[in-house]
Amino acid sequence: MTTEKIETQDVKQAEKPPVKDKKDVSPVIPVQPVQTTEREQLIYIGPNLPGGRLAKYFISLGGFPAYLSDISDKVPAITELFVPVADLSAAKVAMDQPGTTHNIAYAAVVEAVQKGGI
């Protein structure tokens with residue numbers, strides 16, 4: 001009896017069609033890149049501004065925020081402290097090195113805050 005069962009199972013398994021690899025089952029469809037109107041994300045790496053107008057690591061979508069135009073008129077260097085999010089670590093390193101654009105811009109904003117210009 002045991003031999004009949006094993007033989008019957010072998011026959012049933014042999015009758016099943018072979019299982020294809022999952023890679024072979026789905027057709028290959030080329031993917032077209034998605035076109036988006038995604039705005040660039042910028043992050044502010046400067047000091048906090050008085051009155052809560054701007055905080056360090058504020059993220060802006062689509063460039064320099066328009067509501068800060070009065071500050072950029074007084075201290076144009078503040079725009080240098082808005083960097084692409086992907087460049088954050090490099091910009092932070094550059095800010096700690098004397099004479100770099102980010103270092104000079106940071107100092108200019110700090111000075112304007114201390115003098116009460118912002």
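**Ring cluster and charged pairs**

Author: In this predicted model, ring pairs join Tyr44, Phe64 and Phe82 into a cluster.

Reader: How many aromatic pairs are there by this rule?

Author: A pair of aromatic rings is described by the distance of the centres and the angle of the planes. By the rule used here, the count is two.

Reader: Is the pair of Tyr44 and Phe82 stacked, tilted or edge-to-face?

Author: The ring centres of Tyr44 and Phe82 lie 5.2 Å apart, with the planes at 40°. Stacked needs under 30 degrees and edge-to-face over 60. The pair of Tyr44 and Phe82 is therefore tilted.

Reader: What is the class of the pair of Phe64 and Phe82?

Author: The centres of these two rings are 5.0 Å apart. Their planes meet at 80°, and the cut-off is over 60. So the pair of Phe64 and Phe82 is edge-to-face.

Reader: Is Phe64 buried, partly exposed or exposed?

Author: Buried means under 20% relative accessible area, and exposed means over 50%. Phe64 has 26%. Phe64 is therefore partly exposed.

Reader: Which residue forms a salt bridge with Arg53?

Author: The closest N and O atoms of the pair are 3.0 Å apart. Arg53 sits in the loop between strand S1 and strand S2, and its partner in helix H3, 17 residues apart. That partner is Asp70.

Reader: Which helix holds both Glu111 and Lys115?

Author: Glu111 and Lys115 form a salt bridge, with the closest N and O atoms 2.9 Å apart. The two residues are four residues apart, about one turn of the helix. Both lie in helix H5.

Technical notes:
Residues numbered from 1 in each chain as written. Predicted model: local features only at pLDDT ≥ 70, side-chain atom pairs only at ≥ 80, totals over all residues. Heavy atoms only, no water. Salt bridge = Lys/Arg side-chain N within 4 Å of Asp/Glu carboxyl O. Phe/Tyr/Trp six-rings, centres within 6.5 Å; stacked < 30°, edge-to-face > 60°. Buried < 20%, exposed > 50% of the residue type's maximum accessible area, 1.4 Å probe, protein only.
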